[in-house]
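Subject: Handover of a structure and its findings

Dear colleague,

Please find the structure below.

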Amino acid sequence: MFHFTPLLGAQSESPASQSLLELDGGVTILVDVGWDEAFDVQRLEAVERQVSTLSIILLTHATIEHLGAYAHCCKHIPLFTNIPVYATTPVVNLGRTLLTDLLPASDASPNLLFEAPTPDDIASYFARINPLKYSQPHQPIASPFSPSLGNLTITAYGAGHTLGGTLWHIQHGMESIVYAADWNQGRENLLPGATLLSGGQEIIEPLQRPTALICSSGGAERGESLPRKDRDATLVSLVRETIAQGGKVLIPTDSSARMLELAFLLNETWREGLGGLHADTYRTARLYMATKSVAASVRYLQSMLEWVEESVRAEAEAAMTKGKGQGDINNPMDWRFIKMLERESGVQQALTRSKPCVLLASDASLEWGFAKQAVQALASDPRNLVILTEKVAAVDPLRKGLGKQLWEAWQTQTRSSSGASGAKIVSADGMTVDFRQASTAALNLDETVFYETYAARQRQLHSTLQGDNTLVDPTATDVLDPQDEDESSDSDGEDEDVEHQGRALNLSAQLTQQSQKRNKSGAGALSDAELGVNVLLKGKTTLHDYDVRGKRGREKLFPFVAQRQRGDEFGDAIKPEEYLRAEERDAIEGVDMRDGSAKQNSETAAVGQKRKWAETAGPKGRKGEKQAPGNKRARMEGGKPRAPDDIDAAIARATGERGKRGGAPPTTEEGESDEDEESDYEPDDAVLSGPQKLVYESRTLDLRLRIAHVDFSALHDLRALLMIVPLIRPRKLILISGEESETQRLAAEFRKLRHGSEEEGSGMEISTPRIGEVVDASVDTNAWTLKLSRALVKRLTWQNVKGLGVVALTGNLGMGVVSRQKEDESGTNKRKKLKLSSQGSEDETASKELVKSSSDTNAKEEVAIPILDLPFPSTTNSSASSLAANTISRITQPVHVGETRLADLRALLRSSGHEALFSGEGTLLIDGSVVVRKSASGRVEIEGVGLARGFDEVRRAVYGGLALVAGV
């Protein structure tokens with residue numbers, strides 16, 4: 001049994017992808033947890049309903065469309081973190097950086113802003129994912145609430161499009177499923193292509209003839225893609241023309257997948273361009289990558305060389321392992337020409353430079369990220385250029401995003417051709433676009449009560465489903481009273497154990513007490529019935545008992561209070577004063593540390609203790625402040641004037657004062673060069689804590705910039721789909737992840753291709769489900785039970801083929817009657833009773849009763865079953881028997897079992913001294929005179945021209961690769 005249900009991404013404009021696969025035995029697989037730029041939590045309700053039935057989760061690409069909702073589901077959906085997740089190593093690493101960049105800005109619902117997972121939360125969620133490598137079959141582990149997976153096997157294959165992108169091959173029983181979403185067969189500069197083909201025009205053997213192929217239909221209406229070199233040349237020409245005119249280039253793209261391919265191309269362009277004809281143009285312009293996690297993405301990329309394109313990997317390894325005297329070897333992983341920006345202030349400094357620059361920023365939709373900020377900064381200059389690298393989808397039916405409006409402008413407005421590149425450029429001069437500016441604000445009193453009640457119920461739901469009474473899930477939402485936070489920050493000298501116990505109390509009880517403080521009537525508080533057994537922890541001194549009669553599960557147990565320990569993923573927090581030597585205990589920064597007592601003065605704080613803002617800065621104070629005697633570095637640097645740092649530079653630029661904090665004033669040349677230099681200092685962005693709400697402000701933006709499009713989506717087009725899918729030869733084809741027009745057109749093309757093909761087995765069922773529609777894609781099998789006659793069994797000659805016994809036979813199927821013992825239910829039960837009874841008089845009595853019952857029910861029944869016999873009945877006439885035997889031998893001819901692989905045949909013939917070359921799809925030319933053709937159905941034809949040399953050898957080689965099974 002195999003049922004397929006698209007939860008998101010089926011005949012829809014939303015690019016998000018979520019698919020549910022239901023297999024025999026209750027095994028349920030969720031492939032991808034995608035989201036779109038609308039970030040509507042209501043689109044995750046289908047996943048939330050299925051959580052308790054999921055066995056495993058598979059992830060395909062490190063993009064928003066495929067795992068954008070993963071961290072949100074882990075934080076806000078109970079039991080989601082208990083489900084095993086499988087993905088390749090690059091998907092795990094780059095997905096972590098993607099969501100670190102995404103969620104703090106965009107994890108929003110229309111009314112309340114759900115508390116976004118912190119970077120530590122995201123890291124812990126992705127640490128739970130089981131990393132896999134390509135082409136290695138793996139038997140996964142089921143979730144705690146899932147039935148046994150049986151012989152389920154999952155295998156990851158390269159899909160291209162992104163680093164570590166995956167095609168999943170799922171095998172369970174008789175089902176063989178290939179899940180191919182967003183793949184790209186062509187190789188790129190940094191990223192390898194899909195591993196569908198091997199040795200020419202053949203699909204790799206494990207992916208041939210699957211039960212079902214689940215394939216994305218996106219790109220079916222897109223024209224034929226440009227070759228990679230032409231595509232790269234077009235982009236480079238547009239960038240060079242713009243920066244030569246003094247303009248700035250914005251390339252909006254995703255955070256960590258396609259951005260790496262674009263950055264690699266531009267870095268190599270700058271490396272080669274600085275020594276070419278346009279050296280001055282490249283020297284004045286700068287390259288920027290702007291995401292909140294760009295440094296981590298590049299660091300992960302440099303540690304995953306085995307996943308990049310083979311030539312890039314070889315060149316990088318040669319550069320890293322070069323010896324002395326080998327000269328300079330270019331390292332393609334050294335991105336020295338790219339500056340990484342992770343803060344809004346750094347992006348603003350880069351955009352306000354007077355010199356040209358190229359900015360790679362997230363995201364392609366222009367709905368969030370630094371790209372949205374960059375468009376607003378570049379909109380007023382007609383020299384600036386925005387290069388769209390992929391089609392922008394409309395995710396909100398009521399509103400068009402900024403990226404969608406620019407895409408429609410490029411499609412509909414009059415275009416002009418670029419001189420060198422030939423690309424189509426649209427001038428947006430006079431165009432006005434609408435966009436929404438989102439900001440966060442604290443909740444008012446009524447909203448706070450409503451939110452706290454909601455959070456408490458969610459905690460209670462988490463606790464009930466997970467069987468935990470503590471309600472202190474570290475990944476759950478923390479809702480604390482601001483007054484309590486102030487009190488806890490002032491009580492630095494209190495015992496930590498008491499503080500931990502207070503925080504570990506039932507959150508519902510805390511919220512009830514807080515609500516009662518603000519509202520005497522107790523509105524919004526939880527009742528004792530809602531708290532359940534946790535009412536014992538509420539703090540009422542008059543309540544000492546709880547009625548457990550009729551209760552089940554956790555309601556019958558006394559609630560347990562777990563104490564939180566301050567620590568991180570490496571263990572508990574370490575107090576340095578506990579590991580000091582005896583001579584170090586006397587004075588640390590002027591503080592007596594003997595016997596664990598910290599006699600600190602009014603100017604310094606002990607190691608590991610907090611210091612209030614009102615206290616002095618300590619040993620690193622400014623001139624005139626008393627320094628601690630134990631600080632050697634402070635004493636050594638005490639007589640030296642402090643050199644101005646980045647903070648002083650930022651203050652000087654803001655106040656207009658230069659050279660007043662030590663050092664000579666800058667010269668004229670230095671002053672001119674510093675005008676265009678941005679400081680590396682970037683202040684921390686202010687982050688609000690606690691519950692918040694999202695406030696939208698509608699704005700308009702007047703555009704004067706230019707718009708261009710270069711297709712860098714690296715997805716399959718119609719030509720690739722019509723070429724690859726027939727080679728896979730699936731029994732059933734399911735089309736997902738595309739708009740309605742794309743899906744219907746692709747389905748029509750495949751139906752036309754199916755009707756026009758005359759090859760055996762070329763027909764396949766085509767399904768185009770919509771969101772929520774269930775497709776029965778089970779394998780079509782017909783199985784019967786029959787009995788072989790004795791005469792037929794004697795004539796069987798078994799042939800061993802790959803460990804299996806195979807025989808070819810022809811017989812006559814008829815109905816026969818066999819007799820078997822009839823046994824009623826009472827006799828079976830009494831036999832069980834006899835085995836379980838003890839030795840003694842009871843055994844004898846039971847034995848007598850069983851014998852008596854068996855004698856009464858020892859009747860036989862006749863059952864009709866099909867019997868396969870010899871084609872001709874045996875006779876007493878010897879001549880008739882010999883005639884029948886000869887006839888049988890003529891009816892059942894020997895059968896060749898196996899499959900001829902043209903790549904293996906080519907290697908075998910080459911080793912024998914023949915010249916073998918591929919000529920077209922599925923055609924092998926040997927010695928220029930013998931042709932071997934293999935059709936999509938697996939049929940092999942051998943043709944020779946005249947007295948072809950080597951024809952017999954080629955035929956023997958073909959038959960030699962097959963197993964000969966003798967007939968009966």
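Helices H28 and H29 are oblique to each other, because angles under 35 degrees count as roughly parallel, over 145 as roughly antiparallel, 65 to 115 as roughly perpendicular and the rest as oblique. The axes of H28 (residues 902-911) and H29 (residues 951-960) cross at roughly 130° and come within 11 Å. Here an axis is a line fitted to C-alpha atoms, for helices over the stretch in contact, and the angle runs from 0 to 180 degrees between N-to-C directions. Helices (H or I, at least four residues) and strands (E, at least two) are DSSP runs, numbered from the N terminus. The crossing of H28 and H29 is right-handed; a crossing is right-handed if the near helix is turned clockwise from the far one by less than a right angle, and left-handed if anticlockwise. Leu905, Leu908 and Leu909 of H28 meet Val954, Ala957 and Val958 of H29, where contact means heavy atoms within 4.5 Å. The residues of this contact between H28 and H29 comprise six nonpolar, no polar and no charged. In this count, Ala, Val, Leu, Ile, Met, Phe, Trp, Tyr, Cys and Pro are nonpolar, Asp, Glu, Lys and Arg are charged, and the others, Gly among them, are polar.

Please note that this is a predicted model, in which local features need pLDDT of at least 70 and side-chain atom pairs count only at pLDDT 80 or more, while totals for chains, interfaces and linings use all residues. Residues are numbered from 1 along each chain as its sequence is written, and side-chain values use heavy atoms, with hydrogens and water left out.

The chain as a whole has 29 helices and 37 strands. Of its 968 residues, 44% are buried; buried means under 20% relative accessible area, exposed over 50%, and partly exposed in between (1.4 Å probe, protein chains only). Among contacts between residues at least 6 apart in sequence, 72% join residues at least 24 apart.

On the H11 side the contact is made by Glu344, Val347, Gln348 and Leu351, and on the H12 side by Phe370, Gln373, Ala374, Ala377 and Leu378. These residues of the contact of H11 with H12 divide into six nonpolar, two polar and one charged.

H12 is largely enclosed by the rest of the structure, because seven of its nine residues are buried. Phe370, Ala371, Lys372, Gln373, Ala374, Val375 and Leu378 are the buried residues of H12. In the loop between strand E15 (357-362) and H12 lies Asp363, and the peptide bond from Ser362 to Asp363 is cis, with omega near 15°.

Helix H6 has 17 residues and reaches 24 Å from its first C-alpha to its last, close to the 24 Å expected at 1.5 Å a residue; the expected span is 1.5 Å times one less than the number of residues. The buried residues of H6 include Arg231, Asp232 and Leu235. After H6 comes Gly246, with a positive phi near 85°. Gly246 is buried, at a relative accessible area of 18%, and sits in the loop between H6 (228-244) and strand E12 (249-253). Apart from its neighbours within four places in sequence, Gly246 is in contact with Pro356 and Arg383.

Most residues other than glycine have a negative phi, and most peptide bonds are trans. Arg209, which is not a glycine, has a positive phi of about 50°. Arg209 lies in the loop between strand E10 (175-180) and strand E11 (212-216) and counts as partly exposed at 26% relative accessibility. Ala714 also has a positive phi, near 55°, and counts as buried at 10% relative accessibility.

Where does Thr88 lie? Thr88 is in strand E5 (residues 85-88), and Thr88 is buried, with a relative accessible area of 0%. Leaving aside neighbours within four places in sequence, Thr88 is in contact with Leu132, Tyr134, Ala156, Gly164, Thr166 and Trp307.

Yours sincerely
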